[in-house]
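Let's take a walk through a protein model and see what its side chains are up to. Have the 3D view open as you read.

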Amino acid sequence: MKSRPSRFLLGGRTYSPAVSLLLALPFLLVILLAFLLPLGMLLRESAFAPGFTVEHYRKVFDEPVYLRVMYRTVRISIFVTLISLLLGYPLALLMARARGLQLSLLLIAVLLPLWTSVLVRTYAWLVLLQRDGLINDMLTGLGIIDAPMQLLRTEGAVVLAMSHVLLPFVVLPLYASLRAIPDDYERAAKMLGANGFAVFRHVTLPLSMPGITSGCLMVFLLALGFFVTPALIGGPQQMMLATLVQQQVTELLNWPFAGAIIGVLLFAVLVLVIAFNRVVRLDRFVGQV
Amino acid sequence: MTRTPITASRFAINAFAYAVVVFLLVPTALIIPMSFGPDRFLKFPPAGFTLHWYAAYFSDPDWLAATFFSIRIAALTAIVATIVGTLISLALVRGRLPGKPAFELLVVGPVIVPNIALAIATFLVFDGLRLTGTTLGFVAAHTALAMPFVVFTILASLYRFDADLERAALSCGASPLRAFFWVTLPQIMPGIVSAALFAFIISFDEPVISFFISDLDHRSLPRKMFEDIDYNVSPILAAVATVLTGLTILALVIGHFLGRSGRSGSTTRKTG
Amino acid sequence: MDLQHRSPPGDHVGVHDLVKRYGDVAAVDSVSLGVKKGEFLALLGPSGSGKTTILMNIAGFDFPDSGRIEIDGQDVTWTPPYKRNLGMVFQRYTLFPHMSVLDNIAFPLRMRKIGRAEREERARAALKTVRLDGYGDRKPSQLSGGQQQRVAMARAVVYNPEVLLMDEPLSALDKNLREEMQIEIKHLQRELGVTVIFVTHDQTEALTMADRIAVLDHGKLQQLDTPRALYEAPASAFVAGFIGETNFWPATAANDAAPGDEVAVELEGGERATVMAADRLSRQQAVRVAIRPENLRLSADSGGCAATVNEAIYAGSVTTLLVRTKGPILRVRLTAATAASEPAAGTSLSLGWQPRHARAYAAA
């Protein structure tokens with residue numbers, strides 16, 4: 001009997017391990033140069049100086065200034081996540097019930113902001129919230145306040161703008177999971193005597209839980225490391241983690257400490273992703289809705 | 001869900017949802033009329049109509065340099081990311097790839113790691129390698145960033161592709177390479193084109209990594225915008241923002257029509 | 001190489017001791033079969049029987065763990081599909097959606113580097129043999145399912161392959177069209193003189209079309225024979241149950257018997273009868289007696305097994321009676337010609353059969 005010869009293509013459709021590796025090689029090079037190597041070097045910087053040390057990590061948790069930034073980052077991220085969920089759920093419900101043109105328009109309304117530059121959207125809030133901006137004009141015009149308020153460089157402004165930017169990330173997975181609930185469940189619940197709220201409470205809400213989890217996780221993770229919006233809308237008093245890192249790197253050239261903050265951030269992100277790995281399919285992150 | 005008589009509570013929920021739509025769209029939309037206003041400080045409603053700020057944008061060498069730099073980076077990123085992404089997708093779907101789970105992890109890696117982490121890390125290494133401000137550096141960083149979106153889009157079209165079509169080509173006497181170019185490639189083309197489109201947009205308005213790896217002479221458009229927003233809020237920005245938003249709508253429309261033929265496309269992205 | 005595994009001369013396609021495992025499951029378990037030149041062979045079995053795996057190994061899309069595939073006496077076990085010069089028609093139509101119908105049919109010729117003029121001429125001729133001339137410029141999506149499958153056939157035969165493989169090609173079509181296409185495929189095969197290996201799970205399709213049928217179950221070849229032999233002398237209880245309709249009556253052999261001998265059995269319920277041994281049987285062995293519904297005879301006089309009519313199901317040309325015996329409930333088939341004397345429900349009758357129509361298989 002002949003032994004199995006090595007084949008360039010197994011059955012013409014399956015590539016042999018050697019060919020597969022060859023196809024994966026360019027990817028590996030890109031990921032190595034622009035992903036693995038940089039992250040590895042940064043983490044090495046944070047823990048070796050040149051001998052192994054946890055000094056920089058200790059500094060992140062020991063100094064009140066930095067602890068405050070971390071605490072604020074988590075607080076703002078939680079607020080942004082909750083607001084996004086609160087605003088996003090009714091919209092996702094509406095989309096799940098919509099058909100045809102109405103659905104297309106609603107989808108466009110969610111996708112358009114998603115693909116509009118973060119800078120453009122942040123800039124819009126900057127213009128709206130400035131001292132003589134539209135919001136202050138309206139508030140004074142309506143007599144709610146006497147003189148223009150300081151809106152920029154407040155934590156409220158940061159939360160508002162970030163919620164606006166991150167809202168689509170919670171709407172899309174929510175919409176997907178609500179859309180997947182068969183009509184029959186709600187009909188059945190109604191036949192069995194449940195009123196509107198009971199249907200929501202006992203049928204719709206539990207069944208949309210995967211969407212809630214993945215949407216919230218996505219918003220929370222993005223918020224934790226968010227750079228552009230807090231940096232432009234907030235001031236030093238609203239500094240979040242990403243801006244702190246930027247400052248350490250561009251102004252103080254303190255790479256080991258910046259590396260340590262990033263190390264903490266990566267650890268938090270990894271823990272969350274692994275913890276929710278069973279609920280949140282990773283490809284949802286790239287969202288084939 | 002079925003059409004049921006609109007109850008008061010449902011009416012309230014829908015009204016709230018439409019208010020959220022307004023919240024999503026209006027802030028950005030207001031920029032557009034303001035960009036045509038004559039005032040030095042942006043006003044709404046605008047006090048008149050002028051194309052002055054557009055003229056200023058298109059005649060300012062700094063803005064133009066940043067724009068063309070970003071277009072070049074984005075175009076190269078689209079090409080490189082699409083080729084690299086198609087190859088790894090084929091290896092993942094068709095190949096007996098050793099260490100496949102590790103590769104899958106590496107594919108999603110850039111989505112999970114926060115952009116700020118990636119940006120700082122890239123800055124550290126690229127500074128040492130003298131890659132900051134270079135086309136190679138930008139394209140490499142943006143290709144890595146776009147990779148998950150490109151790969152997932154192409155994987156989706158590969159999975160949708162009927163494997164028997166390729167078997168049919170082979171049974172007709174086509175070699176594997178010819179079967180790929182004659183049958184598989186034309187079939188997954190809509191996916192590949194929309195992947196390229198995504199990569200282009202992701203690179204073109206990527207603000208965080210660009211912020212760190214730009215240098216004084218080579219700035220991307222987002223970096224230039226960041227600086228101007230931070231230091232001198234000029235109405236030129238409104239003009240730039242309007243142009244960018246217009247381009248985004250155009251890209252989405254193209255993507256939609258491609259998606260219609262290929263039913264493919266990533267609808268989510270990552271932001272920073 | 002072991003000589004006894006060589007294809008006997010005259011076998012066009014030979015499968016030798018083919019074994020294919022997926023994990024712990026043997027999808028194909030040591031199957032050997034030969035297909036003669038110009039023969040129409042059906043691979044028939046329930047899903048999971050290994051019939052498609054065998055076809056994929058012959059086509060070259062899958063490779064065995066052990067065993068060989070031979071075509072024209074050449075070992076092609078490891079030859080890639082595009083070098084085997086086989087034609088193949090798939091379950092779905094698998095026309096290339098981005099090419100016109102004519103380009104689809106011309107594709108194999110293009111891959112064989114045949115010039116444009118000849119390509120077009122031969123593609124048009126092939127289109128004509130499947131009675132679709134004039135449809136060449138259309139896109140596959142503009143054709144009906146039946147038309148698409150005919151184009152797929154034209155594409156598979158345009159380069160005159162000597163062997164045509166078909167993987168349940170009619171399963172996507174509705175019943176009427178399927179029956180029409182069965183005859184059409186049969187005609188095409190005779191016209192071209194091509195050897196056909198046809199996978200199906202539909203026994204009627206296999207009986208209608210095939211010269212010989214290979215019945216498979218759980219990766220094992222159960223029987224390879226002509227349709228008539230399969231129906232009249234099934235080699236196992238599985239084949240008897242799988243092809244056509246069969247009543248099984250559990251029984252115990254009353255004496256030893258060789259295959260083909262008459263043997264006395266004690267039927268479940270206590271009555272005795274004479275049947276034919278299909279396997280080698282020994283006294284006291286548990287057996288299953290298989291009797292086709294149309295081979296059971298009803299009479300008013302005693303002498304056979306006692307039976308009571310439970311229900312009569314009228315279906316036009318035939319009527320099926322469900323009769324209660326002292327053992328199981330049996331189905332009895334009456335044709336329209338004999339149904340004039342159709343007994344009413346509740347009638348007590350006597351049930352009889354010719355011993356050669358009742359085959360006793362050793363119970364598993």
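## A salt bridge in chain B

Start with B:Arg167 and B:Asp164, whose side chains meet in a salt bridge with 2.7 Å from N to O. (A salt bridge here is a side-chain nitrogen of Lys or Arg within 4 Å of a carboxyl oxygen of Asp or Glu.) The two sit three residues apart in helix H7 (residues 163-171) of chain B, so about one helical turn separates them. Helices (H or I, at least four residues) and strands (E, at least two) are DSSP runs, numbered from the N terminus.

B:Asp164 counts as buried because its relative accessibility is 8%. The cut-offs, using a 1.4 Å probe and protein chains only, are under 20% relative accessible area for buried, over 50% for exposed, and partly exposed in between.

## How the model is read

This is a predicted model: local features need pLDDT of at least 70 and side-chain atom pairs count only at pLDDT 80 or more, while totals for chains, interfaces and linings use all residues. Residues are numbered from 1 along each chain as its sequence is written, chains are lettered from A and ligands numbered from 1 in the order in which they are written, and side-chain values use heavy atoms, leaving out hydrogens and water.

## Salt bridges in chain C

Now hop over to C:Asp211 and C:Lys186, which make a salt bridge at 3.5 Å, N to O. C:Asp211 is in the loop between helix H6 (203-209) and strand S9 (212-217) of chain C, and C:Lys186 is in helix H5 (residues 175-192), so the pair ties together parts 25 residues apart in sequence. C:Lys186 is buried, at 10% relative accessible area, whereas C:Asp211 is partly exposed at 33%.

C:Arg228 and C:Glu232 also pair up, with their closest N and O atoms 3.2 Å apart. Both belong to helix H7 (residues 227-232) of chain C, four residues or about one turn apart. C:Arg228 is exposed at 60%, and C:Glu232 is partly exposed at 49%.

## The bigger count

How many salt bridges does the structure hold over all chains? There are 28. Back in chain B, a network of salt bridges links B:Asp62, B:Arg219, B:Arg223 and B:Glu227.

## Two domains in chain A

Chain A is assigned domain 1 (17-53) and domain 2 (57-286), with bounds from an automatic or database domain assignment. Their centres, taken over C-alpha atoms, are 30 Å apart. Zero salt bridges are counted between these two domains of chain A.
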